[in-house]
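Here is a short tour of charged pairs and nonpolar packing. Please keep the sequence and the 3D view open as you read.

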Amino acid sequence: FVPPPLPPRSPYTETHRIIVLLFNQLILNLIFNPIMDSSTPPNGIDWDEEVISMSPPESPSRKQHTTDEYSYRRELECNLVLKFDCDVPNPREGGCYYLISSPWFEDWQGWVNGSRGMPGPVGNRALMRSNGLVRDDLKKVRDYRAVNGGVYWVFKTLHGSDCEVRSWNTDWEGEQAGGTKVDDYARVCKMDAEEAVRLMKMDITNKGGRGGVKKAKR
């Protein structure tokens, strides 16, 4: 698999570059730490179980994270995020960005590179005030990362999310993106992401591994 090129003049090139680097690191881990044999029988995972995620054992070492049966899941997940990350939203068509808290994104990076367990639901409550409105002092990178709808819905389908924050631009300007076209954009992104995750689950099942993919609560 060859990672897609950086989108030309993409407003979120830095985030995309991080994901590409994570994927390259993951591939190197898989080369030097082969995953389980494909003949390993399935472990009886019920894909419809209402669990947000399955965490690896408590306090596992970095080696356990990078060589265990979750390796194939991480490879597919990073691949999936890369696939959806090349689309730049068009506001005229209802396209918008979704803000993701930086601490959660860092946890996801750790999960993908094998240094941490699964990150749990996208934790965007940190971007909100106590009255339910989005904070007006948000700073890109320090507080959040801006991703397109496809990437956000992949994250939400795989891990869950406590709330959504939509923005017209990568820089938060104090007003959530909204309207009929935005809702239509979100609906299409949701459908595409759910179908992609469904195929990912099938791939893991056919591989004979656990992977930890479960139905996320919404």
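Why are Glu-77 and Arg-73 separated by about one helical turn? They sit four residues apart in helix α3 (residues 71–84), so about one helical turn lies between them. Helices here are DSSP runs of H or I with at least four residues, strands are runs of E with at least two, and both are numbered from the N terminus.

A word on the ground rules: this is a predicted model, in which local features need pLDDT of at least 70 and side-chain atom pairs count only at pLDDT 80 or more, while totals for chains, interfaces and linings use all residues. Residues are numbered from 1 along each chain as its sequence is written, and side-chain values use heavy atoms, leaving out hydrogens and water.

**Salt bridges**

Searching the whole structure gives 13 salt bridges, each defined as a side-chain nitrogen of Lys or Arg within 4 Å of a carboxyl oxygen of Asp or Glu.

Glu-77 and Arg-73 are both buried, a term for under 20% relative accessible area, with exposed meaning over 50% and partly exposed in between (1.4 Å probe, protein chains only). Asp-137 is partly exposed at 41% relative accessible area. This residue also belongs to a salt-bridge network with Arg-135, Arg-142 and Asp-143.

**Nonpolar cores**

What about the packing? A nonpolar core is a set of buried Ala, Val, Leu, Ile, Met, Phe, Trp, Tyr and Cys residues joined through side-chain atoms within 4.5 Å. The largest has 34 residues, and those touching the most other members are Leu-80, Tyr-98, Ile-100, Trp-108, Trp-153, Val-154 and Phe-155. At least two residues come from each of α3, β1 (97–101), α4, α5 (149–159) and α6, with α6 giving the largest share, nine residues.

Beyond its neighbours within four places in sequence, Ile-100 is in contact (heavy atoms within 4.5 Å) with residues including Val-122, Leu-127, Asp-143, Tyr-144 and Phe-155. A second, separate core has eleven residues, among them Leu-127, Val-134, Tyr-144 and Ala-146.
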